[in-house]
Amino acid sequence: MTTDHAIATRTLGTASPLTVSTLGLGCMGMSEFYGTTDEAAGIATIRRALDLGVTFLDTADMYGPFTNEQLVGKAVAGRREEVRLATKFGNERLPDGTRVGINGRPEYVRAACDASLRRLGVDHIDLYYQHRVDPKVPIEETVGAMAELVAAGKVLHLGLSEAGPENIRKAHATHPITALQTEYSLFTRDLEDAILPTIRELGIGLVPYSPLGRGILTGAISAGSLEPGDSRAGAYFPRFQGEALEANLALVAKVRELAEAKGVTPGQLALAWVLAQGEDVVPIPGTKRVKYLEENVAAVSVTLDAGDLAALERAVPRGAVAGARYGDMSSIDE
């Protein structure tokens with residue numbers, strides 16, 4: 001099927017390279033966490049993404065739980081060959097939504113993969129991530145089981161999410177890791193200290209999730225604007241609470257000024273900053289609406305020079321953001 005306009009591609013990983021669209025699409029919010037959901041709108045957004053050349057789709061079994069993979073499967077039916085499909089395992093949940101915990105046991109890896117394949121309605125997953133590192137299971141055992149899935153043809157490439165340098169090295173020594181997915185944006189830059197140098201040394205690509213700071217960098221969020229049921233309104237996301245939100249919105253106002261001067265939206269400028277961090281970086285902004293998808297795609301055409309980048313660094317100095325990115329950081333491997 002022809003696309004409206006093809007966007008460029010980037011390659012994740014060198015030992016096990018995977019070529020994907022320069023921008024991906026995070027599908028999580030179509031099923032859970034960010035207020036009301038609408039499956040039909042989600043499917044329409046994914047199909048529009050494919051028409052625009054955004055063919056790198058990101059989901060996980062725990063989103064919904066389970067229903068997001070089903071939604072993505074419906075959306076890509078008949079167009080599987082166009083898509084680079086990424087999903088994750090490891091944040092174990094029950095069908096009623098109860099969180100069981102992190103599970104990296106080899107037998108669970110195998111069962112989770114088979115379940116994801118069924119829900120997605122596909123015979124292979126292009127990029128399969130361990131969603132969180134299980135501190136109770138040596139990562140070599142988890143990745144060993146993931147490697148068996150590659151050997152069986154069920155998975156083509158392996159990834160990690162929110163893994164720290166030591167476990168990244170252990171995992172990569174067990175089987176080539178193609179990509180690390182972690183939070184990265186103008187508002188979240190912790191990984192620049194140790195994680196980014198590690199993955200670049202090893203030839204592992206970076207897939208930033210929440211490259212728009214969970215939406216705050218779009219300029220569309222204000223105090224009291226989040227709808228009921230939106231997880232960002234709760235204590236789990238300290239950056240959206242009280243005085244921290246006020247301080248962070250002041251930073252967003254500075255980004256908005258720079259964006260207006262450049263003739264783009266704040267979100268486009270923030271995404272362009274992430275894209276400018278390297279050819280090995282492929283952000284996956286999430287949205288459940290075609291309107292915002294199209295706005296995000298336009299960010300690929302925004303070029304930033306050294307002056308633009310320096311201005312953004314001044315507007316949002318590293319460390320200026322108020323609040324931790326999660327209220328409970330215990331599941332983040334460092």
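How much space lies in the largest cavity? About 70 Å³. The model is predicted.

**Figure 1. The largest cavity and its lining residues.**
The structure holds 1 cavity of 30 Å³ or more. Its space comes to about 70 Å³. Which residues line the largest cavity? They are E183, F187, G213, R214, I216, F237, P238, R239, F240, A324 and R325. Sorted by class, this lining has 6 nonpolar, 1 polar and 4 charged residues. A probe the size of a water molecule, rolled over the atoms, shows where empty space is left.

**Figure 2. Helix α3 and the elements it packs against.**
Helix α3 covers residues 106-120, 15 residues in total. From first C-alpha to last, α3 reaches 21 Å, close to the 21 Å expected at 1.5 Å a residue. Which residues of α3 are buried? The list is Y108, V109, A112, C113, A115, S116, L117, R119 and L120. An α-helix has 3.6 residues a turn, so residues three or four places apart point the same way. Just after α3 comes G121, with a positive phi of about 70 degrees.

**Figure 3. Strand β8 and its pairing with β5 and β9.**
Is β8 mostly covered or mostly open? Mostly covered: 6 of its 6 residues are buried. β8 pairs with β5 in the parallel sense, over 4 bridges. In this pairing, T87 stands opposite Y128 of β8. β8 also pairs with β9 in the parallel sense, here over 5 bridges. Y129 stands opposite G159 in β9.

**Figure 4. K262 and its contacts.**
K262 is found in helix α7, which runs over residues 242-262. Why is K262 called partly exposed? Because its relative accessible area is 32%, and partly exposed means a value between the 20% limit for buried and the 50% limit for exposed. Which residues does K262 touch, not counting those up to four places away in sequence? They are L269, V302, T303, L304 and D308. V302 lies 40 residues from K262 along the chain, and the C-alpha atoms of the two are separated by 9.2 Å.

Conventions:
Residues are numbered from 1 along each chain as its sequence is written. This is a predicted model: local features need pLDDT of at least 70, side-chain atom pairs count only at pLDDT 80 or more; totals for chains, interfaces and linings use all residues. Side-chain values use heavy atoms; hydrogens and water are left out. Helices (H or I, at least four residues) and strands (E, at least two) are DSSP runs, numbered from the N terminus. The expected span of a helix is 1.5 Å times one less than its number of residues. Buried means under 20% relative accessible area, exposed over 50%, partly exposed in between (1.4 Å probe, protein chains only). Contact means heavy atoms within 4.5 Å. On a 1 Å grid over the protein atoms alone, a cavity is a set of points where a 1.4 Å probe fits but cannot get out, and a pocket is an open set with protein on both sides within 12 Å along at least five of seven lines; lining residues have an atom within 4 Å of a point. Grid points are joined across faces, edges and corners, and a volume is the space filled by probe spheres set on the points. Ala, Val, Leu, Ile, Met, Phe, Trp, Tyr, Cys and Pro count as nonpolar, Asp, Glu, Lys and Arg as charged, and the others, Gly among them, as polar. Two strands pair if DSSP finds at least two bridges between them.
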